[in-house]
Structure formats: structure tokens, C-alpha cells
Amino acid sequence: MDRPPGMMDVAREAGVSHITVSRVVNGHPSVRPETRARVEAAIQKLGYRRNSVARALKSRRSSTIGVVIVGSELFELPRILLGVETAAKQAGYWVSLASRQGEGTTGDLLETLQRLTDQSVEAIAVVADRPGTVEALSGLSLGVPVAVVMSGTVPSPDLSFVEVDQELGARLAVRHLLDLGHRNIAHLTGALRTFDARARVEGWQAELTAAAAEGARLEGDFNAESGFRLAHELCDADSGLPTAVFAGNDQMAMGVLAAFAERGVKVPHDVSVVGFDDMKGAGYLVPALTTVRQDFAHLGRSAIELLVRMVGGDPAQRQKITPRLVVRHSTAVPRADS
């Protein structure tokens, strides 16, 4: 046979009608067990695979959800995608993945989205880290439900948003330091072009203001190198070291710990350090890192569950996931002479 086996080939092999084969492959209950077994044996023998494109055209369902990744500061993307794929599979969907780096243009984004809609996806999740992406999405009409994952505060009545509450996470980190007695808490930010960095700055500043505390803000880029560089800047500042540092994420905190070790600054004896993300291995840094845990797998699952409900007719909505502070050995009360 020069072509892939079709449903009629399976029917001939099993000695049944093509309608019976269709009922078997679609899980229809009105097929006798012995007939079902004969059809399944024929499918196995011939290597038949049903034509999902033709099935989608007939049923107007593809059982596929599109996922678009936009941006380059998404360090925990594998865990998000694991949550996406797990939830999609449980709901009976496949995932079609596309990606686009940088801001690009609305046209670039539209082209990526149209590639997915051309595949008859039933919904689209957009994993975005920058405001421009959400602004572009707000002006598009794709004809399918759309949920933005890791979004910011750009409202749109037609889009759903699923995000970890970044501002709350920053507040938890800073409040922990304040409760220990720190009143000079520097913030080494991530890239301020991203939603997450901006929200964490807002949370840090709000807690400092409420407590009448202070702290310098230095902008980094969500990587260990920028944390290392900015920690050296803190050591060289005329104003002296703060008693605590809130790093933009765990990668930056790792660089901070390395720089302080190089300069002879003891953590947490001289300076307490808090990160954000609870990346794999954060508990094995020296000292073990106090950080804010984001459940990225839950984030991905929540996005798919929301999209499935929207496919079923539910309206767009916004869902915030609560982060959790994980206290380890990198934070302590400030020194008495600080």
C-alpha cells in the first residue's frame, strides 16, 4: 500500500462497515466488545491513524489549544509548559506551540497567532512578559478565547488573565525583612521592561513607605551577572551597605551572594538577602536562600482550565495566584551596630 491506511482499509480488514470503524475510533458505546476488539486489532495491524484535520473540519473541533511564548525573561518556562500540557491532556486537548522573541510588532504577533488559528485551535494561551504584547492582543479579534499568562495590568474585556500576584510576593519579602527589624532595604530590580519587575518594585516601595523605611533601587536584568555587578555597586557606595537586599529574582540573588562572598560581606550576619521564584536549588545556595515561591506549574494549569471553561461559554476573567514566602538561612535580624 503506497498511501497511509484509511478507515475503509480498516473496515475491510476487520470485516465491518466504515461506520463501525468510525464508532470505535470515536469511543461510541454502541459497539459490541468482540466487534470493537476486531476493529482495534485491524487498526494495530495496519498502523491506521485517524485524520485529525478531516475530523476537525467535520466536527468543527480540533481538540487543540495554541500556546504562544513571547519574551526572553521567562526563566521558569519549562514548569509553566509542564502545567499547560498536563492540564490540556487531562481535558482532552493537544497543545500546539509557537514562540516569538522580543517585542516585535503587532503584525508579527498577528502572524504567529494566525498560524495557530489556521490550525483550527479552539483557544490560545499567550505567555507574555511585556506590556506591548498585551496591548497588541487587546486590539485583535481572533474568534477564539485568549488567556494571557504572567500578564500585567492592561485591561481588556475580551481577554482572560492568569498571573501570580507579583506585587503581593514583593510585599511578603519586604515585610519579612521589616519584621526582622531592617529599615534600609535595597532592591536590585529585574528588567523594568517586564511586568514582573515593575510589580515587584511597586510592592517593595509600598511596604517601605508604609513602614517609613528606606532603600536604594538599582536596575538589573534578571540574571546572575547583573546581581553580581549591582552588589559590588552597593559595596562601593559612599552611603555604605544596606542591612538587607531584596533581589529581583533568585538568579540575581545568586550573583549577590557571590559578590558579597568576594567582598567579605557575610550573609545574613552583615546583610540579609531575599530572592524571588524559589528556583530549583535555591535551598542549596550558601546560605540557603529565603525567597518567594511561585507555583509555575499551577500557573500553566490554571490558564488551560480557564480556557477550557471559556470554550464552553464562560466569559473572560482575571485570576491571580497567591505566592508564598519560603524562609531559609539568608535572612536574620540586623546587626546591633547597623
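Is Asp 277 buried or exposed at 8% relative accessibility? Asp 277 counts as buried at that value, where buried means under 20% relative accessible area, exposed means over 50%, and partly exposed is anything in between (1.4 Å probe, protein chains only). Before the other views, two notes on how to read them. This is a predicted model, so local features need pLDDT of at least 70 and side-chain atom pairs count only at pLDDT 80 or more, while totals for chains, interfaces and linings use all residues. Residues are numbered from 1 along each chain as its sequence is written, and side-chain values use heavy atoms, with hydrogens and water left out.

**View 1. The whole chain, with its confidence.** There are 12 helices and 12 strands in the chain; helices (H or I, at least four residues) and strands (E, at least two) are DSSP runs numbered from the N terminus. Of the 338 residues, 51% are buried. Take the contacts (heavy atoms within 4.5 Å) between residues at least 6 apart in sequence: 71% of them join residues at least 24 apart. The average pLDDT, the predictor's confidence in each residue from 0 to 100, is 87 for the chain, and 89% of the residues score at least 70. One stretch to treat with care is residues 52-59, where pLDDT stays under 50 and the model has 7 contacts beyond four places in sequence. Where pLDDT is low, the predicted coordinates should not be read in detail.

**View 2. Helix 1 meets helix 2.** Helix 1 covers residues 7-14 and helix 2 covers residues 18-25; they pack at an angle of about 105°, with axes 8 Å apart. The axes are lines fitted to C-alpha atoms, for helices over the stretch in contact, and angles run from 0 to 180 degrees between N-to-C directions. That angle makes helix 1 roughly perpendicular to helix 2, a label for 65 to 115 degrees (under 35 is roughly parallel, over 145 roughly antiparallel, and the rest oblique). Helix 1 brings Met 7, Met 8, Val 10 and Ala 11 to the contact, and helix 2 brings His 18, Val 21, Ser 22 and Val 25. Sorted by class, that's 6 nonpolar, 2 polar and no charged residues; here Ala, Val, Leu, Ile, Met, Phe, Trp, Tyr, Cys and Pro count as nonpolar, Asp, Glu, Lys and Arg as charged, and the others, Gly among them, as polar.

**View 3. What covers helix 1.** Asp 9, Val 10, Ala 11 and Ala 14 are the buried residues of helix 1, and their cover includes helix 2 and helix 3. Ala 37 sits in helix 3 (residues 33-46) and is partly exposed, with a relative accessible area of 41%. From Ala 37 to Ala 14 is 23 residues in sequence and 9.4 Å in space, C-alpha to C-alpha. Just after helix 1 comes Gly 15, with a positive phi of about 70°.

View 4. The 4 strands make an open sheet in the order 7-6-8-9, with parallel pairing; two strands pair if DSSP finds at least two bridges between them. Strand 7 (217-219) and strand 9 (272-274) are the edge strands, each pairing on one side only. From one strand to the next, the twist averages 15°. Strand 6 (residues 185-189) and strand 8 (residues 244-247) are joined in the parallel sense by 4 bridges, with Ala 186 opposite Val 245 in strand 8. Helix 8 (residues 166-180) packs on the sheet and touches strand 6, strand 8 and strand 9, its direction making about 170° with that of strand 8. Helix 11 (residues 250-263) lies across strand 6, strand 8 and strand 9, at about 160° to strand 9.

View 5. Most residues other than glycine have a negative phi, and most peptide bonds are trans. Another cis bond joins Val 286 and Pro 287, with omega about -5°; Pro 287 belongs to the loop between strand 9 and strand 10 (291-293). Asp 277 is also in the loop between strand 9 and strand 10, and its phi is positive, near 125°. Ser 120, in the loop between helix 6 (106-117) and strand 3 (123-128), has a positive phi near 65°. Ser 120 is partly exposed, at 36% relative accessible area.
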